[in-house]
Amino acid sequence: MILLKHVLAPCAVAVLMFACTAESSPFKVAELTKFDEPWAMTFLPDGRLLVTQKAGALRLYDPKRNSTGAISGVPAVVDAGQGGLGDVVLHPDFSRNQLVYLSYAEAGHGGAGAAVARAGLVLGNSGGGAL
């Protein structure tokens, strides 16, 4: 009977997820922009978002302007299977030090492996920035 609970619980969640459409949602659903294989996102203190794309791009989305810019200086990633550019997290004291952490798959001896990098984020006036 325990096995049955573990099988039915995920099925029930899947049914609920697919049963809740934009028409039946208790909140408004609207498409704002598109990304190529977005993997993770984090909000900056000013309301903009950093969004990772699996193939290795880091994007800056500004919901007030509905604009997206590129962040340069991202490490080279191995984009294969579930590997690529993964998470982006702000340092706990980001407002003071502008540091971000990135997780990604990198090439190594014998194949790809997981890596974490820390970098300073410099945002430009044109809607993008650099690490």
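1. Let me start with Asp62, which at 12% relative accessibility counts as buried, where buried means under 20% relative accessible area, exposed over 50% and partly exposed in between, with a 1.4 Å probe and protein chains only. Its side chain meets that of Arg65 in a salt bridge (4.0 Å, N to O), and Arg65, at 61%, counts as exposed. A salt bridge here is a side-chain nitrogen of Lys or Arg within 4 Å of a carboxyl oxygen of Asp or Glu.

2. A word on the basis: this is a predicted model, in which local features need pLDDT of at least 70 and side-chain atom pairs count only at pLDDT 80 or more, while totals for chains, interfaces and linings use all residues. Residues are numbered from 1 along each chain as its sequence is written, and side-chain values use heavy atoms, with hydrogens and water left out.

3. How many salt bridges does a search of the whole structure find? The search finds five. Another of them joins the side chains of Asp79 and Lys54 (2.4 Å, N to O). This pair links distant parts of the chain, 25 residues apart: Asp79 sits in the loop between β4 (67-72) and β5 (85-90), and Lys54 in the loop between β2 and β3 (57-62). Asp79 is partly exposed at 36%, whereas Lys54 is buried at 8%.

4. Asp46 and Arg48 also meet through their side chains in a salt bridge (2.8 Å, N to O). Asp46 is partly exposed, with a relative accessible area of 39%, while Arg48 counts as buried at 17%.

5. Now the sheet. Six strands form an open sheet in the order β1-β2-β3-β4-β9-β8, with mixed pairing. At the edges stand β1 (38-43) and β8, each with a single partner strand, so one side of each has no neighbour in the sheet. Strands here are DSSP runs (E) of at least two residues, numbered from the N terminus, and two of them pair if DSSP finds at least two bridges between them.

6. Finally, please look at Gly127, in the loop between β8 (122-123) and β9 (129-130). Gly127 counts as buried, at 18% relative accessibility. Leaving aside neighbours within four places in sequence, Gly127 is in contact (heavy atoms within 4.5 Å) with Leu60 and Gly69. Gly127 and Ile71 are 56 residues apart in sequence and 9.1 Å apart in space, C-alpha to C-alpha.

Terms used: Helix = DSSP H or I, 4+ residues; strand = E, 2+ residues; numbered from the N terminus.
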